[in-house]
Amino acid sequence: SPNAFTYGHTPQNARVVITQGLIKILEPEELESVVAHELGHARHWDILVMTLASMIPYIFYLIFRFGLNIGARSRRNGLPFVVMAIASFVLYIVSNYIVLFISRSREYYADRFGGVVTSNPNALSSSLVKIAYGLASMDPIVAKQPAAEQTKSRQRSERLSAMKSIGIFDPGKATNLAMASFRGPNSLNPQGVVQAMQWDLWNPWALYYELGSTHPLPAKRIQALGKLAEHLHQQPLVHFDQHKPESFWDEFFVDLLFKFAPMLLALIGALIGGAALASTGNPGPLVGLAMLGYSLGYLVRLLFSYRGGEYPNMSVAALLSRIKVSNVRPVPCTMTGRVIGRGVPGLIWSEDMVLQDRSGFMFLDYRQPLRIIEFLFGLFRTKWLIGQDVTVQGWYRRAPTPFLEIKQIITADGRRKRSYVYYVKWVWAALAFALSFIVGLGLTFFAL
């Protein structure tokens, strides 16, 4: 895994660690820029700063647990401790987000330090793109290794994932940049980088996901390094000069409305039923209307989130250039390419896959109503699909990693594998709607 990080207490005893994977994929000037970035963390005392900052949420959490325990034991004088516990928990959440913001700020400072001291911010930009590709790309050779070797690969992946907060990249935020940036390990596609950056820079969902991340979104880091290159009178590696065509906040709020539609309609139903309860004393309408509102909201969200109709043929690059897309708002599409590996490399029962076409690669999300079906598919069927040319029909989403939720996958010889989650959700929505209607009528009749 290509990565680098810094640890220690002060600049005097800081240590920079670089992995063999990083040395393998970077050119000498790129490796120098990454080391300079890590030295920037040491020079700015980021290790100590982040350690002290991370202690603040922990202290608030200890106060929360203390107040909650005292409040639960003391029946007469416990109220002040409960209030203190609630206030501490709120401060714990707020301070966590502040610490994450500080962490993202320190990454920007380290990027600038690395670009200035090497006088080559473009080298750091290309390094970030290559590291993103290295963290996200799936090696099809892993799937053909013996089970023991695959287990070791998975264990290494889990250990590295636990260290993502101190690495140069958050792997979960790197995939969208990697998917369209390369047609191969060493063939950088600048136009693909620009296309991948649009969603990160313009869609409000990107800002939402960044709030919970230790690292800035890759697109923002590359954009900042590009501005630094221009300041040093250099041509940026990626020149993102596109103007936002429109505001995308209206789609964001529509997505939120549909995402929380079940709870919102359940609340409206409960309020209407509560008014009936206050006037008649009959609890039937309250329970029935709340259930009816939730099931109706679930049905509405299902209609929005699983759009049918046509599934046009699209490439990875075309999908990644779509800005109006989220986990709630999909793009129905059909993709053609080759399955090159598992969604989780080294995990022999990973049912998810990676599809590659001429413009990039895309994660395929295979879902079934029961987890055991997914497990068996990953154990026995996924390995058979690796290396085959397939056509996949489904829904393209971003959350924030781009992926294609499979509706059906068809091999070159006509074999077809379907995902039945889509159909089960429709059956569940219909049953829930009918059940809520029957329960509401039953409770009303019983009360009368």
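Trainee: Why is arginine 367 called partly exposed?

Mentor: Its relative accessible area is 24%. Buried means under 20%, exposed over 50%, and partly exposed in between, with a 1.4 Å probe and protein chains only. The value for arginine 367 falls in between, so the residue is partly exposed. This is a predicted model, in which local features need pLDDT of at least 70 and side-chain atom pairs pLDDT 80 or more, while totals for chains, interfaces and linings use all residues. Residues are numbered from 1 along each chain as its sequence is written, and side-chain values use heavy atoms, without hydrogens and water.

Trainee: What makes glutamate 405 and arginine 367 a salt bridge?

Mentor: The term asks for a side-chain nitrogen of Lys or Arg within 4 Å of a carboxyl oxygen of Asp or Glu. Here the closest N and O atoms are 3.5 Å apart, so the pair qualifies. Glutamate 405 sits in strand E7 (residues 402-411) and arginine 367 in the loop between strand E5 (360-365) and helix H16 (371-380), 38 residues apart. Strands (E, at least two residues) and helices (H or I, at least four) are DSSP runs, numbered from the N terminus. Salt bridges with shared partners join Asp365, Arg367, Arg397 and Glu405 into one network.

Trainee: How do you know whether glutamate 405 is buried or exposed?

Mentor: Glutamate 405 has 2% relative accessibility, so it counts as buried.

Trainee: Which parts does the salt bridge between arginine 106 and aspartate 46 tie together?

Mentor: The side chains meet at 2.6 Å, N to O. Arginine 106 lies in helix H4 and aspartate 46 in helix H3, so the pair ties together parts 60 residues apart in sequence. Arginine 106, at 18% relative accessible area, is buried, and so is aspartate 46, at 4%.

Trainee: Why are H3 and H4 called roughly antiparallel?

Mentor: H3 and H4 cross at roughly 165°, with axes within 8 Å. Angles under 35 degrees count as roughly parallel, over 145 as roughly antiparallel, 65 to 115 as roughly perpendicular, and the rest as oblique. The H3 and H4 angle is over 145, so they are roughly antiparallel.

Methods
Axes are lines fitted to C-alpha atoms, for helices over the stretch in contact, and angles run from 0 to 180 degrees between N-to-C directions.
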